[in-house]
Every structure is written in C-alpha cells, then in structure tokens.
Amino acid sequence: MLGALKATTKQRSTATVVKALGLREMLVHTILSDIHFREGRSTGAIIEAKSALRICWKMAKRFTAASSTVEAAYFDLPSELSATDWQHRKSAHLYFMALESSSWDVLYAAKVSLCRIASLYCYSDQPHRAASYLTEAMRLVGGLNLHLFRRTPFYEFAELELNASHLEKAKTAISMLSSNSRMEPSSALAMVNARCWRKYTRHHSEIIDLSDTSAVETLLNSMKTLKRTLKRCGARLERVKCMLELGRINIKLLRSSSCRAFASLERTISLLEEAYSLGDCLGIAHLSQELRATLGMAYFAEIEESAHGDADRMDGDRARFLSWSSSALLANSCSSTECEMVHELPSSWVIVSLMMGLSSELTNGTAPISFCLPNVSWKSCIDKMDAIVEKSREILSGHTAEEAGSWSTKQKKEWWDTRKQLDERIQKSVRSMEMTLGFWRCLLVKGTSTLETQCVQQCWSLLTSRKVCPVLLAERNQSLLCAIADAQQWLSDGEVVNGLKHIAAEIDVPLSDSGLQEALQTDKIQKMKVSELKQLLAAEGLSTDGLKKVLVERLIAARDAALLEPLTDQAARDQGFSTILILNHQLQQFPWEGMDIMGRSSGVTRMPSLDLTMQNARYVMQSRTSSYSSIRRDRVRFLLNPAGDLKATQNQLGPVLEGGVTTYGWEGIVGEAPDPDKLRNYLLAADLYIYCGHGSGEAYLHRDQVLSLKSGCSAALLFGCSSGRLKREGIFGPSGAVLAYLRAGSPAVLAMLWDVTDRDIDQLSVKILREWLLSEDGDSSPSLARVLQDSRSVCKLKYLNGHAAVCYGLPLHVAKS
C-alpha cells in the first residue's frame, strides 16, 4: 500500500494531491503503529509512529513558511516544561509558527503523531523521552488560540508528570490550559470521568482507616461510582486500570478487619482475571507488573480462604494452579507455565520473591511456597535506609575534590566521623530488619532438611498428634518447619518459638507452653539428674564443671549444635546453594545481602523478574556446556579511568589489569574517553567487561546502545558510584543502566546501589579481581557473588561502602583454564 502511494505521488505533482497522498501515507503508518501496539509490539509501534511524524515534517517544510525570530519567541514555554534533551533533537516546529489555515490538517497530524509517540514511550517506561515529544507538541500548538486543538499535549504532559510525581511541572502545564476550553466529545469525557474517579478512589483508599465503619462506607460509595463510570468508558486502557483499582482495593478490604467489602473474593478474582487478559498483552511494563501483583495476591487469598474454610473444598488441580500462578505473578512473571520451568534450573539455586508484606520461594522440583507476613513492618526499616543513602549522597556531592583537598584536619575528622556514623546506622538498619522479619528470614536461603529429617519429623508429629481432621496447608507449613530447622543457628529461641506458634495457628492446633518445651526438647534436659548431665557432656568432650543450671545450659547448647551438625554453614556452602532475590521496587535499595542468615548461601544475586531470570538462564544453558554461567579468563575487556580524574584508582587497579593483559591477553583503554562503537564491540566480543570510572559508564555507552545488543552482552563489573541504582519516578520504572545489561543477555553484573568513596571500592575491586577472576586455586571457582560476600570486609566502611556493592543476574563462575 505504501509503495503504491509513493508511486502515485511521483506521477502527480500538484500540491493538493501531494499533500493528500502524504496525509494518507501518514495515516497508514499510524494504523500500523496501532496494530503493533494492540499486539504488544511496542518497539514496532514506536518505529511506525516516528515514520508518520517524519512525513508530517516533510509536508510542513514543503507547504508552510518559516517564522521570524519575533514569532518564534512568542511560542517559548516556561523553563519548567522544557525537556532537557529537546534541544538536541531535530525539530520542524518552526515551520508552523506562521501557519495559514490551509495547512491546519498538517499541523493537526503532526500534533497527533507527537502525542502518540509520547504515549508509546510512556507505556514503555521511558518517561523522559515521552516528555521530550510532548514538549515539542506544546511548542507546536502552544501559541494557537484553538482551545480543543491545543489542549491535548498540555493535558498529556500534566498527566505524565503527575504519574512521575513531578507536581510542579504538572501544575505549570495545567495552568497553561485555557480556562474556557470547550468540552471534549462524549467518549473522551467518559474516559476522563473514569480516570478522575479512579484516581480519587485510589487516593481515598490510601488515607482512610479501615477500622472506621463510616470511612469504609464512604469508600464503598466511591467504588460504586467508579464501577458506573467504568461501564460507560469505552477506552480499553482506562477500563483495565479501573478494574485493577476496584480489585486491588477490594482485596485490601477483604484482608482487613473491616466487616464490609465491595464484592466477594470469587467476583474480585473474576474481575482481575478479565483486567489481566485485557491489559497484560498491551506491553505497558508498569501496568503489567501491577496486574500481576494484584492477581497474584488474589490467588494467594483464595488459597488461605479455602484452607481456613473447608479443607476438602479445593481439588488438587485448582490448588496446584493457584500455588504456581500466585507465585509466578508475584515474581513478575507473565505466566505460571514460565514459573513451572523452574525445574530446569540448577538444583542449587533458590529463587525468593519479596514484596511488601509477602514472601514467595521457588525451588527446583517442588511447588512454590508463599506466605503473607502480616506482622512485619517493613516500611520503617526501608524509610530509614532511604534516608541514610540520601544523607550519604549529600555528603559526597556537596564538595569538589579540590575543595576537600584543602580541608583542615578538623574538617576531615568531622567528615569521617559522619561517614562512620552512617556506616553504623546501616548496620543497625540491617539488624533491625532481621528482628522485624524474625523467623521469616529462614525463607531467604535454601537448606537440606526434609520431612524425613529426624528433628523435623519429630516436631511435625508432635504438632499434629492431636489433630483429628485434615491438616490445613500441610505442605506449606512442612516447608516452613524445614526452613526453620535449617536456619536455627541464626534464629533466637524466641524466634523459633514464634515460628512454631505460627505453624500451629495455621494448621489450627492448640500449642501450650509444655508443647513448645517438648518440641524444643528443653524440658527433658532440665529434668535430668546431675550425673546424667555430666555423663552426656563427657561423652561430647565438654566440661562437666559447674552447678546443674550451668550444665543444663551447656547441654542445651550442645544439643542445638548437634541438631544442626548436618546443616552447618560449611555443609550448606559445600552444597553450593545460591539465592536469587526478586525484589519489589520498594525493597531494592535495601542491602539484604548484609543479613546474618545470608551467610548460609554460597552467593546472593538479584533479578528484576522471574521472566528475565528464566530467559537469561535459558540463554546461558544453550550457549555453555556447564550447568551454570561461566566466563573465560582470556576473554576480558576493560575501561579504566576514562575521565582521567581518578588517578588513585588508576594507580591501584592499573597493575592488576596490566597483569591480565600480560598473562591472558586482555584488552582495554586507560585514561581516555573511548569510542562508543569500540565499547559496544567489547561487550559483544568479551565474556567479561570491567568498568572503573564514574557512574555506570553511560557517558561513554548509553543504556539504549547496551540494550540493542539483544542477547549477546557480556557479564560486567561496574565499579562506579550508583551504577546499580534502580530509580523509580512515580508509576514508572524502576529503571537503570544495570537493567539494560541484564535485558541484553548479560549473565551477571556487579554494581553499586548508591554513591561510594573510591579508596574502599578500589580495594574491594582489587580483592575481587585477584580472588575470583585471577585465582586458579582449586578445581572449581566460587561464584562472583560468593567472592563479593567474602570481600566486603576489606572496606574500612563495610556497610556504607562494602554493602553498596551487589550482584545482579545469575551465579557466575570462572571456567577452569
């Protein structure tokens, strides 16, 4: 069709015909863009929309006159609305500034194309690009006194900035809308009405007290109004968002102490399933994630409701579907089928999905287990950690290197004292999170206990011995009991007791204090005679001195150690169990790797979703012979101090990297800015790319260029400030350079969660390179995450600098030479 239109254009050269055919060609590209979008191909949709815009610019250049400097100045927008990268993009808006009415069709087409591209970028979680196109659209029509004509770009820009939590920008855009603009057509008005009620209802649900009956009644009335506006709204996207909001709020009501709800759980699940089927295929990243999390929570609620209602009501197929589906959706996976492919992963990996209030664990060959953590107050620990990181960023960014070099001894001491205080605060925050999680942190690692393990079997029999009817949620609680047994070395007696009480409450059995003592076998030891205690202690080679109270305490400690002997830290490490964390966006800046129980793991890595975990694991297994990802020592490329201002870093890491050049033939660039194409080739040709400089290196190779590598990107060590930071703006994101590496197929990326000081990180970098990449000791190498875990102690500020370094991706090893 496009070819035929272009051929016709060449044959007929009159202006009217050329313009008409140009508009038709533009319309074809717009239709193709719409088709791509509806089928979930966002990249294709953007390409076609840009093609339509290019045609508009060509017609504008041909059929309109350029404006004078005076006219151009008239269309300037307030500085708050100017996107930073707008000035670097080629634009033809000047051609419209002296527009005649005969070319309004071209103007309208250009405005529509700009707004469409902005919307597509917005749906693809790229709000900055969306803002640049909307800025261009506002410049295009901002000075025209055509109320309906000029409203759309300003309205969409305002909504974009509201979604990104940029309230001042949104306020400025709204103020520029004409106060006496005419009403939109009825279909558009219905969509706007639904959107307004959706946002109002959501805001209302976030601030009310659900124990207040009158407040709940007001919320229910808002939900009824939202449902009515939903029925009149024909826009698919807005319908999906409204259904999602109704489902999310109703689940909140059903799980609260409120006696009122908008609908039953069954109807809520039906509503959310409809929203998911309509919305997940649109390719809108943040919407898909919200749909998955909400539907996953609804499925989880059905599991609990069924168990505490009628244990025999749910058949096995439905129970299995709910178990896999809820875990898959909560781990940000598009399907339970993908989740069930977990059995293809190495048996030594455990995937743990964490979101506010809920934990889900996926392991090889078993059904996933999910738990709601109702008494865990995450927010306080997370907020404290965010405040510490922000304070650290202010301290590091507030002074230049030259200024810091001229400080007095007193100023330097005050600066270091502040840094040490922040380090201590992070340590306290981590310990506070451990106490907040309590026995639940046993789910963060994998162990060896099964129901056949003696101590687990005895404890389970004790808990269920008085149970006559079927045991509720038996499989889930057996798994939890095994996890508690494995992690007992890191749990206090009180936490173990709380875990047993939780299991007893879940399976609906009474548990007395005497039952707890029997479960812990403490009462039996306390009733022993002194001679019996001494005999047992002597058999263990322990001291028999002291009063009976001392002997009892010593034997209880010995019992705990014996109970855990097959499950000790070293045994767990010999098994090589690795933890892969999938974290909710609110939890991503917290240093989970610093928790005591992570010492059981042979390495902790992070991934944004289960889908990406499976995708990269599949790629690794197809391209390598081993069951885990590995790199070769002779396939390494590096970039050291490209800005030329980190001389200390260059002096410390230079000899190590030069050693690699001499011994293994590494290639690299030192002390100068590289050509982007050369860096791109580094990532394609190497197994490992090492970056030592400022940030994540985006000044030399942008994340979009990394993403264009598709599935051929190397692993990366990004030793730069905040190179692993994932930033979220309002509903968008999270986004970050490290995600571009992972999505381009990188098996693993070491990066920094926040800003760090160079001396500590230089020492950490050297230790990792020597003990992981350059070490040839032993038959098999430890994973990158394991070496990082052992290397953090080299930092003077272990928590503030050491725990800023984290591993994203899969467990990564160095292949034997």
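These legends describe close-up views of a predicted model.

View 1. Leu27, Ile31, Leu32 and Ile35 make a nonpolar surface patch of about 320 Å². Of these patch members, Ile35 belongs to helix 2, which covers residues 15-38. The relative accessible area of Ile35 is 38%. Ile35 therefore counts as partly exposed, since that class lies between the 20% and 50% limits.

**View 2. Leu536 and its contacts.** Leu536 sits in helix 24, residues 530-539. Its relative accessibility is 37%, so Leu536 is classed as partly exposed. Beyond its neighbours within four places in sequence, Leu536 contacts Met528 and Leu555. Leu536 and Leu555 are 19 residues apart along the chain. Their C-alpha atoms are separated by 7.8 Å.

**View 3. The largest nonpolar core.** This core holds 132 residues. Trp592, Tyr689, Ile690, Leu750, Trp772 and Leu773 touch the most other members. In soluble globular proteins, nonpolar side chains tend to be buried together.

**View 4. The surroundings of Tyr689.** Tyr689 is one of the core residues that touch the most other members. Residues up to four places away in sequence are not counted here. Tyr689 touches Arg637, Leu639, Leu679, Tyr682 and Leu683, among others. Its contacts also include a run from Ser714 through Ala715, Ala716 and Leu717 to Leu718. Tyr741 is another contact of Tyr689.

Note on methods. Residues are numbered from 1 along each chain as its sequence is written. This is a predicted model: local features need pLDDT of at least 70, side-chain atom pairs count only at pLDDT 80 or more; totals for chains, interfaces and linings use all residues. Side-chain values use heavy atoms; hydrogens and water are left out. Patches are made of residues with over 30% relative accessible area and no salt bridge: like charges are joined within 9 Å, nonpolar side chains (Val, Leu, Ile, Met, Phe, Trp, Tyr) within 5 Å. Accessible areas come from the Shrake-Rupley method with a 1.4 Å probe; for residues, only the protein chains shown count as cover. A salt bridge is a side-chain nitrogen of Lys or Arg within 4 Å of a carboxyl oxygen of Asp or Glu. Helices (H or I, at least four residues) and strands (E, at least two) are DSSP runs, numbered from the N terminus. Buried means under 20% relative accessible area, exposed over 50%, partly exposed in between (1.4 Å probe, protein chains only). Contact means heavy atoms within 4.5 Å. A nonpolar core is a set of buried Ala, Val, Leu, Ile, Met, Phe, Trp, Tyr and Cys residues joined through side-chain atoms within 4.5 Å.
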